[in-house]
Amino acid sequence: MTPRTTAAATIAATIAVACLVGASPAAAAPKHGTTSAPAGSLVLIGGNLKENTTILQRIVDLADPDGDGPAKARIAIVTAASSAAKTAAEAADDTLNNASANGLYYSALFERFGAETYAVPIDTAVNFAGDRYKPSNANDPKVAREIAKATGVFFGGGDQMRYVRTLFDCKNAASEAFTSCTDTKVMSAVRGVLDRGGVVSGVSAGTTIQQGADMVTGGEPYQAWRDGTTPGYLDDASALAHLPYGGFGFFPEGQLDSHFGTWGRQARMIKLADQTGHDLVVGVDETTALVYDRATRQGEVIGRNGVSLLDTSETVIEGAVGTGTRWSYLVAGDRVDFGTGVITPASERRTGAGTDAAPAPVADVWDSIDNPDAGVYSLVDLGVALVASVADRAEGTTFETDPQYRTVLERTAGTSWWDGGFEGLAITISPAD
């Protein structure tokens, strides 16, 4: 497990001023795949892109090498997180969900926004004669050279472990709990695009893979809280698991997760961060992106929903009790400086209580996958309702019982809020019985 570092002391000191959300570079830096002077930008999309014009246009603009000049953005499309097509017909049908079909779909999508594209022909298996998408292409110099011509790279959704299996060469480990991996030729070419100032973007699994060590590989919030995390990749998709080596290491600020507030994933990442020794979790909602400048460490939220920042530097979990996590929720136009922890809302910041009625307790506050009537954004909605209300405290319980967990949100001295967002709510999770 990654030990905690002295960054926690820096964070604690900054909280006293402005409820810090970022860890120091020394604490947050991944174990692999970075340069001494980071360059380029990331566009981290939480899932369910829905062809969002604002997000797609930002990716193309960041990949444009000369603004309105004669050169065009050239985006390499990597879709190996999707399963391999089983037939040639499946591979050619861009309405289906497989690596080849998704390559066609995203290429056409980015071309509509004025970019040139290159669909990278890599996936996890060769299933039919003439299949262009195959694992061996990850070390094909011709494929790597095509990526090297790009000014941007886009990673599609699916399962982030398929990116690990196809783009890294890892030393064998039980349950794929890899601790030692090296880049394929294609992965080295992707790093080159970013290091030359290009943009790397991704959706869902294509966002989660951008982090460094201890990347989440699966798990539901309730099982995560009840059982903790296991290194590797598990057959039980509900069990929390993580990859010690991690992902690409492009985002150095903390752990990443997608579909975040949408699927109530706050609890699973609080548990994972605590058990793997990370001080910050960045969770991106669906149809939303965090645009991150690696050189300046500035982040901006764009899109429809929000981005959660979970400061876990003072989180203490003993058995099933967690205290000390600070949660901030940023919406479109809001910015964060990860170097200083300063959040700049796009709308007027307020402190103190609001005027709305206190929110009622919420059942199934983690939006359980086992609840046929589960909602979405339940914990986000509770937080937004709390800060705008006369109350100082709100709570909800899990759908599951034996044990059942209660999540309590509370204002702190550093809590503030604005239209749709807030900073510095305390989260406590404990048994409800």
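How much of the contacts in the protein with a separation of 6 or more do residues 24 or more positions apart account for?

**View 1. The whole predicted model and its contacts.** Residues 24 or more positions apart make up 70% of the contacts in this protein with a separation of 6 or more. The chain holds twelve helices and 25 strands. Of its 433 residues, 58% are buried.

**View 2. The disulfide between C170 and C181.** Here the two sulfur atoms sit 2.1 Å apart, and the count for the protein comes to one disulfide. The pair links distant parts of the chain, eleven residues apart: C170 lies in strand β5 (residues 168-170), while C181 lies in strand β6 (residues 181-183). The disulfide is right-handed because the torsion about its S-S bond is about 105°.

View 3. Are the two partners buried or exposed? C170 has a relative accessibility of 21%, so it counts as partly exposed. C181 is buried, because its relative accessible area of 10% falls under 20%.

**View 4. The largest cavity.** Rolling a probe the size of a water molecule over the atoms shows where empty space is left. A search of the whole structure turns up two cavities of 30 Å³ or more, and the largest has a volume of about 40 Å³. Its lining is formed by E220, P221, Y222, Q223, W366, S368, I369, D370 and E400. Sorted by class, that lining has four nonpolar, two polar and three charged residues.

Key:
Residues numbered from 1 in each chain as written. Predicted model: local features only at pLDDT ≥ 70, side-chain atom pairs only at ≥ 80, totals over all residues. Heavy atoms only, no water. Helix = DSSP H or I, 4+ residues; strand = E, 2+ residues; numbered from the N terminus. Buried < 20%, exposed > 50% of the residue type's maximum accessible area, 1.4 Å probe, protein only. Contact = heavy atoms within 4.5 Å. 1 Å grid on protein atoms, 1.4 Å probe; cavity = no way out; pocket = protein on both sides within 12 Å on 5 of 7 lines; lining within 4 Å. Points joined across faces, edges and corners; volume = space filled by probe spheres on them. Nonpolar A, V, L, I, M, F, W, Y, C, P; charged D, E, K, R; others polar. Disulfide = S-S within 2.5 Å.
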